[in-house]
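This report reads a protein model from its overall plan down to single residues. Please keep the sequence and the structure in view while reading.

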Amino acid sequence: MTLLLHCREADLSPDALIRHESWMSQERNHLLLQIFWIYLTRWEDIPAAYEALRLIWNSIPHPYISSAEIEKAYTGVLSSEEIKDIYEFYVEAVGEGTSEVQSRSLKHYCRTTMLSILWQSNQWLPEGIQQIGLPNKLQAYLKLKKAFKRKLEGNCTAHVFVNKRFHLGF
């Protein structure tokens with residue numbers, strides 16, 4: 001709770017929050033502000049905040065936000081501790097962290113392209129994915145289900161998926 005109070009004392013004026021638009025695209029800036037907003041409001045429902053951020057970043061083709069981007073964007077606006085906390089929150093939610101901007105995997109680009117095509121065809125998720133007739137594992141990946149590896153007896157592992165139902169608007 002203390003960090004939330006420190007953030008409110010920081011310079012959160014529109015000028016301070018968009019000053020990095022000179023070196024960052026407007027779209028990338030909006031994604032960064034979205035992370036910041038979810039971080040600030042996470043206290044209302046922490047699991048939902050993590051899940052919302054995970055779903056957003058698994059449904060868009062953009063490279064992950066790097067620690068360098070967050071640091072460069074918010075240095076002078078937030079304390080170094082707050083910047084570190086925001087980035088750790090982001091990394092834990094999306095399951096990936098990088099020190100520099102890197103392209104996403106081809107597998108991820110295929111997923112976002114297929115979801116975009118389904119959305120443009122007015123197909124709701126998950127029904128639109130089920131109609132394609134893909135194997136269950138690929139359907140789960142397209143449905144943005146979170147996979148948990150569960151250790152079984154011996155050297156076997158099983159993937160358990162959490163089911164979510166929603167419509168993406170790209």
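**Overall make-up**

The structure is a predicted model. The protein has nine helices and two strands. Read from the N terminus, its elements follow the order α-α-α-α-α-α-α-α-α-β-β. Of the 170 residues in the protein, 39% are buried. Among contacts between residues at least 6 apart in sequence, 66% join residues at least 24 apart.

Two packed helices are described by the angle between their axes and the distance between the axes.

| Helix pair | Angle between axes | Distance between axes |
|---|---|---|
| H4 (residues 46-58) and H6 (residues 80-94) | about 70° | 8 Å |
| H3 (residues 26-41) and H6 | roughly 95° | within 10 Å |

How are H4 and H6 placed relative to each other, roughly parallel or roughly perpendicular? Their axes meet at an angle of about 70°, and angles of 65 to 115 degrees count as roughly perpendicular; H4 and H6 are therefore roughly perpendicular to each other. The crossing of these two helices is right-handed. On the H4 side, the residues in contact are Ala49, Tyr50, Leu53, Arg54 and Trp57, and they meet Phe89, Tyr90, Glu92, Ala93 and Val94 of H6. Sorted by class, this contact between H4 and H6 holds eight nonpolar, no polar and two charged residues.

By class, the contact of H3 with H6 comprises seven nonpolar, no polar and two charged residues.

**One face of helix H5**

Which residues of helix H5 (residues 67-74) are buried? They are Glu69, Ile70, Ala73 and Tyr74. Seen down the axis of H5, these buried residues fall within an arc of 105°, so they line one face of the helix. An α-helix has 3.6 residues a turn, so residues three or four places apart point the same way. Just after H5, Gly76 takes a positive phi of about 90°.

**Residues in loops**

Most residues other than glycine have a negative phi. Asn122 is not a glycine, yet its phi is positive, at about 60°. Asn122 lies in the loop between helix H7 (106-120) and helix H8 (127-132). Leu144, also a residue other than glycine, has a positive phi near 60°. The loop that holds Leu144 runs between helix H9 (136-142) and strand E1 (147-151).

Are Asn122 and Leu144 buried or exposed? Asn122 has a relative accessibility of 63% and counts as exposed, because exposed means over 50%. Leu144, with a relative accessible area of 1%, is buried, because buried means under 20%.

Gln102 is found in the loop between H6 and H7. At 42% relative accessibility, Gln102 counts as partly exposed. Not counting residues up to four places away in sequence, Gln102 touches Pro63 and Tyr64. Gln102 and Ile65 are 37 residues apart along the chain, and their C-alpha atoms are separated by 8.8 Å.

Definitions and conventions. Residues are numbered from 1 along each chain as its sequence is written. This is a predicted model: local features need pLDDT of at least 70, side-chain atom pairs count only at pLDDT 80 or more; totals for chains, interfaces and linings use all residues. Side-chain values use heavy atoms; hydrogens and water are left out. Axes are lines fitted to C-alpha atoms, for helices over the stretch in contact, and angles run from 0 to 180 degrees between N-to-C directions. Helices (H or I, at least four residues) and strands (E, at least two) are DSSP runs, numbered from the N terminus. Angles under 35 degrees count as roughly parallel, over 145 as roughly antiparallel, 65 to 115 as roughly perpendicular and the rest as oblique. A crossing is left-handed if the near helix is turned anticlockwise from the far one by less than a right angle, and right-handed if clockwise. Contact means heavy atoms within 4.5 Å. Ala, Val, Leu, Ile, Met, Phe, Trp, Tyr, Cys and Pro count as nonpolar, Asp, Glu, Lys and Arg as charged, and the others, Gly among them, as polar. Buried means under 20% relative accessible area, exposed over 50%, partly exposed in between (1.4 Å probe, protein chains only). The arc is that of the directions from the helix axis to the C-beta atoms.
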